[in-house]
Every structure is written in structure tokens, then in C-alpha cells.
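User: Could you take a close look at one part of this model for me, the ligand site? After that, walk me through whatever else stands out.

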Amino acid sequence: MRSNLHFDKDDLLAKNKAHAVHPWHEFGRGEHTLLTDSEGIYVLDSDGNKFIDGIGGMWAVQIGYGNEEMAQAIADQVRRMVFYSPWSMTTPPHAELSAKLATLTPGDLNRFFYSTGGSTANDSAIRFVHFYFNVMEQPEKKHIITREDAYHGSTYLSASLCGKPGNDDRMELIKDFIHHLSSPNPYRRPDNMTVEEFRDAKVKELEDKILEIGPEKVACFIAEPVLASGGVIVPPDGYHVGCLAVCRRYNVLYISDEVVTGFGRMGHFFASEPVFGIVPDIITSAKGFTSGYIPAGLTALSERLHQDIVDKAGESATFSHGFTYSGHPVAMAAALKNIEIMEREHLMEHSRDVGVYFQDRLKSLADLPMVGDVRGVGIMGCVECVSSKKTKKAFDKELQLGKRLDTKCQKYGLILRPFMHLCVFSPPIIITRAQVDDMVGIMDRSIREVADDLIREGIWDGKD
Ligand SMILES: Cc1ncc(COP(=O)(O)O)c(C=O)c1O
């Protein structure tokens, strides 16, 4: 860790509490930890406590913290040409990055629109789909199908695509053209149903929904390959292939939201084809796209769709959509450098290798008290705690079990991401096998101690 700066913790936290509104802010509460330094897979708080960053910032810091080469590339671009309107101008990193991405995306996804993050990448995808069908003279095709447990962002449109519990608490959402399917979570499948039967039922549910709305009205299906924030839900093998086949049957476009699964988390720049066997019409990404060093989002569009528009509308097809910071030169330079580092350091191979080890080690937690399910793929995973392994009954929401586990883990030097009774992991992909051992070791100890605490406090009977 490099900085020797002194921070007045009490002063900063008082200022923060008085004036800063954070994402998912708990009005009336709003306690935050002050992080002041970082290196590799570690972050430090203002008291000098060092933590393994078990969540990679938030599914983002793939190449790790404090990468000097990345800092230099960003600084160089700031000095050379920090920003100009992307409307009629381009810059070297904007053009270079687009050409480079075309070599990394599957199929014919060779056209790239840039935004400021995952939410705006998904908004851009949906707005493009609506634009596409308007140009194609199919203006009825507006409806979007998404799923329970999905997370696609926090703009008005992308928030309306989400399906996580609590998503609509006191919030307004678009309801009239967005439809939710049930979650493809195999752990929560009905008793006496095989995983294959469950998969087939989920694929059929998509087809039934398209037929119910009317295929002439359905524009697209949007899906994370793995429902990340919903609790790292890995749908059964063959699910994505089945859903894509249904979409093709009814001219419904398939958007694969790779905001989390892209850029190395599953050992590939894009996971859709190599891991899940599909070439969608649109892929969105963000987070690992710049390893979190600069905000940026990516919407990759199929060449076929692009050509359809050109053929149909010729010169006059203006996509009336864009952001001041679309293709921001510094973000483009950071994304290019990120890809260069990942390729040179063989981080995809590393991620595939450590990913297998990580999954294996995580599974070792499955026999601990309270642990109902341990799941994941690549370098992302989730431990789901239940009050009864037999009935899979969740703990009461009010218990905030995930938070309890996070607090315990922090005591031993690990930050994870709690969500209700779920604990999510997505460390930087540079993590080594030894560091995976450290991480899982802390989790193991924390689960045992929290289980003992619950029994001592009379909250849980300890019977599985
Ligand atoms: C799958 C997925 N899509 C979209 C988003 C939204 O990205 P952002 O927060 O950068 O807008 C997220 C954020 O966690 C995500 O996990």
C-alpha cells in the first residue's frame, strides 16, 4: 500500500453522514466505512485494517487495485485529449477499442455503443431494440421479457427490468410493456422435479409468455447468463440455448447482460458463447470493462441488425440516443489498456484455472451449519444460508443474516456482499489459489461462529 496520507476519520464520516446520499441509502441510518487505500486484492480502511476484497469493488476490479500501468494510461489520455463531444468527432482510443472489441465478441456483434455504466448500457440496448423495430415498420414490437431475481440497473427503464425482492419498495416502475418470468433458480425448484425438467419448464414459460402477449408485440428477452446480484443463480445447463431457440422462433431479440459475467469473471472476455453456448443479438457490459478504474458501459450490437436498419432506412436512420460521455476518450483508453493487460498477463487462462479451484474450495462450505446451497461459476459464488437444510426455509429477513456474516468476516479481514441471507463473492480475478484459501478459511470460521451466536442468542435451534 502506497499512500501515507493522513485522513481525519471522524471529520470525514461526519461530513459523509450529514451530506452524502449513497446507492440504496438507508435514510435515517447511513453508516459507512471509510476506505483509504488499496493494492492488488486488498483494501484498507482509515484505521489501517486490511481486508481481502471479496467482491472486487462490486464485480468490477478484475486486474486488482493500484495498477500503475493503468494509472499511467489514464493520465496520458487526460493530458493528450481529455474529452470532446462524441457526436461528430472520434478519438484514437474510441476507434481502436471498437476494432479490438470486434475481435473479442462472439458472432457478428461488431458494432459498439458506449455509455457510462451497466444501467445505461441496458437502457441503450432497449432503446436500440425499440428503434430497430420502428425502422422495420413493426412498431407494435415493444414488449420486453425479463425474470424474477434479475438485476439490470437503476435508471427508470433498467430498474423496471429488475426482479429482485424489494426492487419495487416505494418505487415507481414501468409496468405496461415489461413482463417477468419466474426465476430459473434450480435450488428453489419444486420438490420431485429433476433439474432437466425444471430447465424445460423455464424455457416453456418463456415461449408461453411470448404467445400470451403475442409474438408480433414482443421485442426482446433480456437475461444475465448468471443472475448475479440476485444471488449468483446459475440456470441449468441448456437453459440459455433453449431460450435463444424460442426467441429465434418468434423474431424476439436476445440481449445478454454481461455486465458481471464479461471481462474475465468466467475466464473469457464474453461468456455467452464459450460458457453458455449462445450468440445473442446484443451484449451489454460494464464494470470489468475498465476494471472499475473509470465508469464505462458497452452495448455490442449485431452487424445483421445494423445492416437491416441501413437497408430499410438508408441515410435517414438516426438513432436519437446518446450521452455526453459516450465514448469518453479516457474511458476508452482505460478499456483498451485493461484488455491489453488481461491479454498480456494471460488473465483469462488464470481466471479459468483459479475459477475451478475457487468453486471447489467454496463447495467445502456446504456441510457447515446453516449452509443450504453453495453455487457459482468462474470467479463468482454465493453461499445461501437457511434455517433448515431439509425444508430450505430461509431465515427471517429482519435477522439480516448476510450482514451478520459480513460483520464477522470483516473482523477476520474479508469483505463480502451480503443480501438478505445470501453472501456473494466476486474477488478481483488476479486472485491466487493461496488467497482463495485465505478467503474461504475466513468464511468457514465466520459461518461457524455466527451459527454458534444464533444458538446462544436463542434465535436458531441449530437443528438442520
Ligand atoms: C448484471 C448487471 N447489469 C447491470 C448492472 C447495472 O450496472 P451499473 O450499476 O454500472 O449501472 C449491474 C450492476 O450491478 C449488474 O449486476
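**Around the ligand**

A backbone N or O atom of Y151 sits 3.5 Å from a nitrogen atom of the ligand. Keep in mind that this is a predicted model. On its own the ligand has 390 Å² of accessible area, and the protein covers 85% of that.

Who else is there? The ligand has 13 residues around it, and the ones that come nearest are G118, S119, D257, V260 and K287. If you're wondering which helix gives the most to this shell, look at α5 (residues 118–135), with 3 residues.

Strand β12 (residues 381–388) pairs with β16 in the antiparallel sense over 4 bridges, and C382 has V424 as its bridge partner. Strand β15 (residues 417–419) is also antiparallel to β16, over 3 bridges, with R417 standing opposite V424. The hairpin of β15 and β16 has 2 residues between the strands, and M420 takes a positive phi near 50 degrees there.

There's also an open sheet of 4 strands with mixed pairing, in the order β1-β2-β3-β14. Its edges are β1 (35–39) and β14 (414–415); each has a single partner strand, so one side of each is left without a neighbour in the sheet. For β14, the pairing with β3 (residues 50–53) is parallel, over 2 bridges, and I415 is the bridge partner of D53. Helix α14 (residues 433–456) packs on this sheet, touching β2 (42–45), β3 and β14, and its direction makes about 105 degrees with that of β3.

One last stop: E207, in helix α7 (residues 195–213). Is E207 buried or exposed? E207 counts as buried because its relative accessible area is 19%, and the cut-off for buried is under 20%. Apart from its neighbours within four places in sequence, E207 is in contact with V246, R249 and Y250.

Notes: Residues are numbered from 1 along each chain as its sequence is written. This is a predicted model: local features need pLDDT of at least 70, side-chain atom pairs count only at pLDDT 80 or more; totals for chains, interfaces and linings use all residues. Side-chain values use heavy atoms; hydrogens and water are left out. Buried means under 20% relative accessible area, exposed over 50%, partly exposed in between (1.4 Å probe, protein chains only). Contact means heavy atoms within 4.5 Å. Two strands pair if DSSP finds at least two bridges between them. Axes are lines fitted to C-alpha atoms, for helices over the stretch in contact, and angles run from 0 to 180 degrees between N-to-C directions. A residue is near a molecule or strand if one of its heavy atoms lies within 4 Å of it. A polar contact is a pair of N or O atoms within 3.5 Å; within protein, one must be able to donate a hydrogen and the other to accept it, and residues adjacent in sequence count only if both atoms are side-chain atoms. Accessible areas come from the Shrake-Rupley method with a 1.4 Å probe; for residues, only the protein chains shown count as cover.
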